[in-house]
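Let's take a look at the salt bridges in this protein. Have the sequence and the 3D view ready as you read.

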Amino acid sequence: MTYPLTLILMPWGRVGSNMVLNAIAHFHKADVYNEMLTRIATMYASEPLPVIAAHQADWLAQHATRATLKRPTVVNHAALSTADPQGFVDWMERESPQIITLDRHDDLSVALSSARVAAWVAEGAARGEKRNWAIQTDVDFRPDIDPAVVRKNLESVSKGRAMLYDLVGSQSHLALYYEDLILDLDGCMSDILRRVGVARNPFRISSRKFGGSDLHKLVGNPQDIAGIVAEHAGRTVITA
């Protein structure tokens, strides 16, 4: 029996992928791998790209080869972490996964969210706490964020999106956006679950953890970030 293999491909992160993966994993009917190739890239960051690429290829061979799957399998991958784009494309052509791209129209929200959650985890580490890469909406957390970090994150988003387009090329895929999840979370998840092979209807999600948009409630130094917000006027929900 051949089981479905699904690739969820995102530019970088902060696009709702954790919520999607948690919903899939909830039914315990699929193997779900979250950004394993990113972990490999981080683990071997000091090594040359060919070494990182080899480790990523080994992981895909062990865990994402259709002929050896034991049940439906989902691989979530941030395109920016691809060490060998052509090798990854070769894997996609060889294994023919169902492809779901997950992106976000609001680049500034991605960049600022990433900066905030990094500060959240760093603060926890300084206190001897191990924190998840998520900030609950009921937590008042307003760290000072370096504008240079936000701009660097914006560059990462753009590079990741370009890489995503290069990897997918003309291959058939389902394109979803974070904003789609906000508008119709149940509908999006039902569609995703059917493709993954763990459909359950009707499907409901009780938790909708979408963050706020008031800059003054997100950071402790809004005056330093306000200029970047102004540059993205009309393209972001964040208000200064």
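## The overall count

Keep in mind that this is a predicted model. How many salt bridges does the count come to? It comes to eleven.

Some of these join up: Glu-123, Arg-127, Glu-129 and Arg-131 are linked in a network of salt bridges.

## A tie between two helices

Arg-151 and Glu-231 bring their side chains together in a salt bridge, at 2.8 Å from N to O. Arg-151 sits in helix H6 (residues 147-168) and Glu-231 in helix H9 (residues 222-231), so this pair ties together parts that are 80 residues apart in sequence.

Are these two residues buried, partly exposed or exposed? Arg-151 is partly exposed, at 38% relative accessible area, and Glu-231 also counts as partly exposed, at 43%.

## A pair within one helix

Now turn to helix H8 (residues 185-196), where Arg-195 and Asp-191 are four residues apart, so about one helical turn separates them. Their side chains meet in a salt bridge at 3.4 Å, N to O.

Arg-195 has a relative accessible area of 32%, which makes it partly exposed. Asp-191 is partly exposed too, with 23%.

## One more pair

Arg-142 and Asp-140 form a salt bridge through their side chains, with 3.0 Å from N to O. Here Arg-142 counts as partly exposed at 42% relative accessibility, while Asp-140 is exposed, with a relative accessible area of 57%.

Note on methods. Residues are numbered from 1 along each chain as its sequence is written. This is a predicted model: local features need pLDDT of at least 70, side-chain atom pairs count only at pLDDT 80 or more; totals for chains, interfaces and linings use all residues. Side-chain values use heavy atoms; hydrogens and water are left out. A salt bridge is a side-chain nitrogen of Lys or Arg within 4 Å of a carboxyl oxygen of Asp or Glu. Buried means under 20% relative accessible area, exposed over 50%, partly exposed in between (1.4 Å probe, protein chains only).
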